Structures are given as C-alpha cells and as structure tokens.
Number of protein chains: 2
Amino acid sequence: MSSRDAVLAVLREAGERWVSGEELSRSLGVSRTAVWKLMEGLRAAGYQLEALPRQGYRLVGSPDAVTPAEITPGLATRSFGRQIEYRESVGSTNDLAKQLARAGAPEGLLVIADEQTAGKGRLGRAWTTPRGSALAMSLVLRPALPPVQAPRVTLVAAVAVAEAVRAVTGLPVGIKWPNDLQVAGRKVCGILTEMEAEIDRVAFVVCGMGLNVNLPRESLPEAFRSSATSLMAELGASVGRAPLVQAMLARFEEAYDELLSGRFAAVLERWRALSITLGQPVRVLSVTGEAAVEGLAVDVDEEGALLVRESASGVLRRVFAGEVTLRG
Amino acid sequence: MSSRDAVLAVLREAGERWVSGEELSRSLGVSRTAVWKLMEGLRAAGYQLEALPRQGYRLVGSPDAVTPAEITPGLATRSFGRQIEYRESVGSTNDLAKQLARAGAPEGLLVIADEQTAGKGRLGRAWTTPRGSALAMSLVLRPALPPVQAPRVTLVAAVAVAEAVRAVTGLPVGIKWPNDLQVAGRKVCGILTEMEAEIDRVAFVVCGMGLNVNLPRESLPEAFRSSATSLMAELGASVGRAPLVQAMLARFEEAYDELLSGRFAAVLERWRALSITLGQPVRVLSVTGEAAVEGLAVDVDEEGALLVRESASGVLRRVFAGEVTLRG
C-alpha cells in the first residue's frame, strides 16, 4: 500500500472522529512534515479534507476516482480485483491486460484506467473513454475450459454487468446479443472478450468492459446520440464509479463461480431474462463473410450462438458472430 | 534473395551444364572473387560442388537443409511458405510465429528451424527437435472463422501432414485423436495449434508441426522408444526434409482452401479414413478437470470433439480436450 492509501485507510477507519497529525505520523511511521505533504497530495487528487488546529484531520469527501484506494475498501470479492493495475491513462486496458497475462498475471487481475486513448470495441472498432467520466476496465481470467466454451464467459460478464448496473442505478439495463448493454434502445456498455488458447484449452481470457457513466448527453459525439447513451444521461444524476466497479466485480465473480462449478444453465437463464434480442425479428450481418440472416431470434445456446428462425426458409440458423439489427 | 540463394538458383537452373565463374559473376553482378567466396560458403553449408578449370561449376548435391534456398524452388503453393522465417536454432517456432503474427505477419508465413531448444507439445509438454534430423515448423493462418470452428484447422493440418508423409514415404501414417500422427502405434509427429481471438472471430492461428524425420531409433530417449519413432526408423532409410516440407505445405494449403470454401465435410471424411482412434475402445483423461470417459470412440464432429459412447451408461459424450489411451 502506498503512503497515500495508508493515510486514506486511517482517515476512513476514523470516520467522523478527528485524527491528529501526531497520530497519523505515528501510525504511518513518517514525519509530521511528510503527513502535511500527503494531505496536500490528497487535496490535489480531489479528496475533501477538514483540518482544525489541535484537532487534526477529517475526510469529508472523496473524488470519483477508480484508483485502488477507492475500489479496494468496499470490495466484497475473493479474487476479482484483489490485484489492481491502475493507470491514469492507457491506450487500451485489454491490450495491457493481455500483456500482463502473457507475463503470468493471475486470475482476477483488474486493469483499470481513468482514460483510454485507443480503446477497442468488437470487430476492431474504436471505443472512446474520456477522462474521469467513464469506466474502462479489463479482467484477466484463466478458466479451465476448452476454447469452444469460452463464449460462456462473455455471456456471464454481460449478465453480471447488467445486474450490477441495475442494482446500483435502478435503470432497466438489457442485453443485446452478443454483448452490448442497452438502456431504452441505446448502448451504454460494450464488452470485448479476447483469448489466447491452444486448440483444446484456454491459456487466458481477457474480458474488457467499457461503460459510459457520467457523460452528459451533449458530450456524446453527435453521430452516436441516437444509438449511445450514458448512465447519467438516463438517470439525470451522476453515479459513483468505484461503487459500480465493486458491484460489477462482485456479481461477475459470483456468476463466474457458477459457470466453473457446472451451473452455467442458471446464468444462461438470467441472460435470457435480461435479453432484448430474443423474441424479436432480427437481421444479422455476418462478420465472417457468410450471407446475412433474417428471421426471428428464438434463443441463445450454451456456446453463445444466437438461434435465428429464418423467415424465408423456416430453417433454424446458429449465428456465432455478427451484427444484429432489430427490425421492429 | 541473398547472393547465396541467387548462386544456387543459377546452378540449379543449369542442371548438368557447367556454369563458368565469369557467367556467375555477370548474372549476379559481383566480382570473380565474390563468386569464389560464395562457392566456399556453399561448400561449408554442405552443398557438393564440382569445379573444373575453364569449365566452371556444377551442383551435384545439396545438404538436407530446411533453408528457404532448399524449400522455395520446389514449392507448389500460392501463399503457404511463400514467406519463410528460417532460424538455425530457435526456442519454439510457435512462440516466434505468434510474435510475428502479433506484429502483423501475413497468412502463410512459415517459421522453420533446424533446431528447436524449447519446443512445446500439447498441454505444455516439452518436445525436442535435435539439430538436422527433425522438422520444427509453424505456419501463421488468419482464417475468417469464429473461434468455435478453429479446431477444424487442427483436423485439416493432421489430414494434410498424414497424407503428405504417406505420399513421400509410403508409410501407413494414421491420426490419433486429436492431433498425433503415428506409424505402427508409435508417435512420429505432433501438431500444436494455438490461437488468439476475440470471442467471435479469430485474430490468428499458429499451427506448429513437429516431425521426427531422420532420428535413428537408438537416438530416441529410452523412455520414448516404445511410444515414439521416426520416419527413418520405420523406413530404414533417411528422408529429405525439404521435399517433405514442400509436400506438407501443398497438401495443407489445398485442404485449408477446402475448409474456407465450405467443403470441410470432405476433409473430415479424409480425417475419419486416416483415424486410428475411431471404432476403438478408449479411455480419455480430461485436461479440464472433468472425470475420465471410457467407452467406444464412435466419431469426431465438426468442432473436433471426439464422440465416445460410454460403456457404463451407453451415453454419448462429446470430448473436447483430453488424452486418449486405446484399450485394445
């Protein structure tokens, strides 16, 4: 733990109680001057501190940061996010997570950044994460699954993030196959899962989650205003990012445990309940060169494929990859 | 092309005809002294040259090398092996191929080494490739397939290598599921396929092939003499490595084209014909933590899974990953 995180821990522990400079100096094992400098650093980072002569310090407000200092204290997980690689700014959290995974990073490592300058969406698309108002995070997983079952991780992630956002904000978040989260028909979150694998076993999976949190509607690029939104735009109020991260990690770990202990069917049932695609007439543009499929989206199967009953032929088609348009 | 490769090309083109030093000097645009040095270099690399005053040079023998100079001239492919990354010695051709693929290497790039010092087999096992007597090669592929269909590439590779080795040597090579090639019950070749992928599209596949070619039986580690063999040990004669590589690449490209143009079923039919696993009582040890499966291997499906009819229950099980023991 850094000295700054240690000061924060002491102040949080104290709650309403004043903590004297002397007490801080003693418990951290640093000089009074060092304590004073740490306090200035905290203020500069957006923490609100009260200070009174002869009384000491009190923490009265925290910035909306996604630093380990903000995430770790309220984290109720066993391994997800127990190790955090935080960056103020990063090209792509997925790329950094893949690098760390190749170098041996353990399951549960969270890469999180306040700003992402070269974020990636599915199919190589760009995904912007402006500083301070969105979530860009990637989790390293090492599931003992054959690659053919790896898409289950994406389904699990979509369920977990949707449920977490619903729990924290009350917004009616739905899942658009395969892995977009929408509110009222507009995208609020994208999930990009990547893996490295031998043909019969996964080496690692990196699950990247990008969430528009506190972007005002007018700050969304005009081209996306009809198709994208943010939690704040829908809610009319800002949302603390660290509590969101904590809720997402807790739900994700719980659903992932279900997957690995053979209870994936129950998670899939929750996916179906959250889906806005099933039961709808859809058109799916293939990303692997096959012809577009038009018909009724009837189900998703255990390998993450969308089952579409073709209108023209009545044939049931399994779609592994593609871009869905709802035709309502 | 290096100057050495250029000299070789001229000498090969000439065949039985003598090529004068002056002619070589002119066609390569180098000095007579440089020609002489190139000839010395070729001799040092194992090429047999005849030289006669006033006549010139004639190539009468080539070393059993796997350099581009040996592979390229007889190569009948469109893209497989058209670009070659050759190393005298390398840790693992798969690791180098993955690095190059991440950096943008095109489909068909062949990484090949005369010696592999840290070769990998399936399931993280070591695979030794002694200098000069084996094949260690990896091919970069970029199939437009969802990851769920990537195992098809392994099946295609196994069929291609088995057919190529049969064509070149006449040995009755068979495929042991998922991807070992055997002669008379002993392993002669292993295939290690790795991939990087988004959850719904493959970024690249690296297909590594390790083949025991000219290892005398007594040079095989004693622990493996009952389970492994080499082409030379079975054939009683050495086999040229470059012609083998050429045949493997040609068959692989042809079968890969079939896969990508929707004719995978035909390749799978050839896999079944070459299989030594189907129709046998087997025991499959899982590599992903599930219980062992015992029963009759009845088929392989389009996702590369082995279908085993369990003796105890009569239930048909799909096995994606595992270690098969034939129980005959």
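This is a predicted model: local features need pLDDT of at least 70, side-chain atom pairs count only at pLDDT 80 or more; totals for chains, interfaces and linings use all residues.
**Entry 1: two helices in chain B**

I started with helix H1 of chain B, residues 3-14, and helix H3 of chain B, residues 32-44. They pack at an angle of about 85 degrees, and their axes are 10 Å apart. Angles from 65 to 115 degrees count as roughly perpendicular, so H1(B) is roughly perpendicular to H3(B).

Next I looked up who meets whom. From H1(B) come B:Ser3, B:Arg4, B:Val7, B:Leu8 and B:Leu11. On the H3(B) side I found B:Leu38, B:Met39, B:Gly41 and B:Leu42. Sorted by class, this contact has six nonpolar, two polar and one charged residues.

**Entry 2: chain B against chain A**

The accessible area lost when the parts come together is often used for that. Here the two chains bury about 2600 Å² between them, with 59% of it on carbon and sulfur atoms. Which residues of chain B lose the most area to chain A? They are B:Met195, B:Ile199 and B:Asp200, and together they make up 26% of what that side buries.

**Entry 3: polar and charged pairs across the interface**

I then checked the pairs that cross from chain B to chain A. The rule finds four salt bridges across this interface. It also finds four residue pairs in polar contact there.

Side chains of opposite charge can pair when their charged atoms come close. I followed one such residue, B:Glu196. Its side chain meets that of A:Arg102 in a salt bridge, at 3.3 Å from N to O. Within chain B, the side chains of B:Glu196 and B:Arg102 also meet in a salt bridge, at 2.6 Å from N to O.

Where do the two ends of that pair in chain B sit? B:Glu196 is in strand E8, while B:Arg102 is in helix H5 (residues 93-102). They are 94 residues apart, so I wrote this down as a link between distant parts of the chain.

Last, I looked up the total: 58 salt bridges over all chains.

Note on methods. Residues are numbered from 1 along each chain as its sequence is written. Chains are lettered from A and ligands numbered from 1 in the order in which they are written. Side-chain values use heavy atoms; hydrogens and water are left out. Axes are lines fitted to C-alpha atoms, for helices over the stretch in contact, and angles run from 0 to 180 degrees between N-to-C directions. Helices (H or I, at least four residues) and strands (E, at least two) are DSSP runs, numbered from the N terminus. Angles under 35 degrees count as roughly parallel, over 145 as roughly antiparallel, 65 to 115 as roughly perpendicular and the rest as oblique. Contact means heavy atoms within 4.5 Å. Ala, Val, Leu, Ile, Met, Phe, Trp, Tyr, Cys and Pro count as nonpolar, Asp, Glu, Lys and Arg as charged, and the others, Gly among them, as polar. Buried area is the accessible area (1.4 Å probe) that two parts lose on being put together, summed over both. A polar contact is a pair of N or O atoms within 3.5 Å; within protein, one must be able to donate a hydrogen and the other to accept it, and residues adjacent in sequence count only if both atoms are side-chain atoms.
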